[in-house]
Amino acid sequence: MRKLKLQMQLSVDGFVADPNGELDWMQWNWSEDIKNYVGELTDSVDTILLGRKMTDGFISHWSNVLKDKSDPEYVSAKKFIDTPKIVFTKTLKSCDWINTTLATGDIVEEVNKLKNQQGKDIIVYGGASLVSSLIQNNLIDDYHLFINPAAIGKGMEIFKNLDEKLNLKLVNTKTFSNGVVGLLYENAK
């Protein structure tokens, strides 16, 4: 069975964005050590899950990077654009995004169907609502949390909708030279 992996940036106080969705508190100056770590994580997957609100910005950003072969992010952009993406939505009926399909059914059924298919693992990057639903339904297997050296006081949370305690097992920690700390937790279902 394929694993569902979460890759998420968080503030020290547990927020994934400020109340308006801004990300100006994140460390954007990624050093080679964090780029390599994330590159290995990205290479382990062949499907990306996204929430509807995040998809347009995600695909637009990586499509723009893909226009310039000299951009240092070009290889990542190609991977993100070429990798099949599943957008979870209750409002869209169709999409024009490249290599993208819509998932409109029950989230548990849709994710379990994906996990039971052949292939590499699956990764979810966000948005906060989708990730909260995945966490609430205990669908995430590996939590790759990148803790940024900033506290923002209030904002969007991903663990707020838990109905019961979520047991996690710490597998790895990594301190990156830009001050971000990577935590890998396995779901201890």
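## Close-up views of a predicted model

**View 1. The whole chain.** The protein has five helices and eight strands; helices (H or I, at least four residues) and strands (E, at least two) are DSSP runs, numbered from the N terminus. From the N terminus on, the order is β-α-β-α-α-β-β-α-β-α-β-β-β. The radius of gyration is 16 Å, close to the 16 Å that the globule rule gives for 189 residues, so the protein is as compact as a globular protein of that length. That radius is taken over C-alpha atoms, and the globule rule is 2.2 Å times the number of residues to the power 0.38. The C-alpha atoms fill a box of roughly 45 × 40 × 35 Å along the principal axes.

This is a predicted model: local features need pLDDT of at least 70, side-chain atom pairs count only at pLDDT 80 or more, and totals for chains, interfaces and linings use all residues. Residues are numbered from 1 along each chain as its sequence is written, and side-chain values use heavy atoms, with hydrogens and water left out.

**View 2. Helix α5 and its cover.** Helix α5 spans residues 128–136. Ala128, Leu130, Val131, Ser132, Leu134 and Ile135 are buried there. Buried means under 20% relative accessible area, exposed over 50%, partly exposed in between (1.4 Å probe, protein chains only). The cover over these buried residues includes strands β1 (4–11), β2 (45–51), β3 (85–88), β5 (121–126) and β6 (142–148). Helix α4 (107–115) is also among the covering elements. Asn138 follows α5, with a positive phi near 55°.

**View 3. Strand β2 between its partners.** Six of the seven residues of β2 are buried. Strands β2 and β5 pair in the parallel sense over five bridges; two strands pair if DSSP finds at least two bridges between them. Val45 has Asp121 in β5 as its bridge partner. Strands β2 and β3 also run parallel, joined by four bridges. Here Ile48 stands opposite Lys85 of β3.

**View 4. Ser11 in strand β1.** Ser11 is found in β1. Its relative accessible area is 1%, so Ser11 is buried. Leaving out residues up to four places away in sequence, Ser11 touches Trp25, Ile147, Asn148, Ala150 and Ile152. Contact means heavy atoms within 4.5 Å.

**View 5. Burial and contacts across the chain.** Buried residues make up 42% of the 189 residues. Among contacts between residues at least 6 apart in sequence, 70% join residues at least 24 apart.
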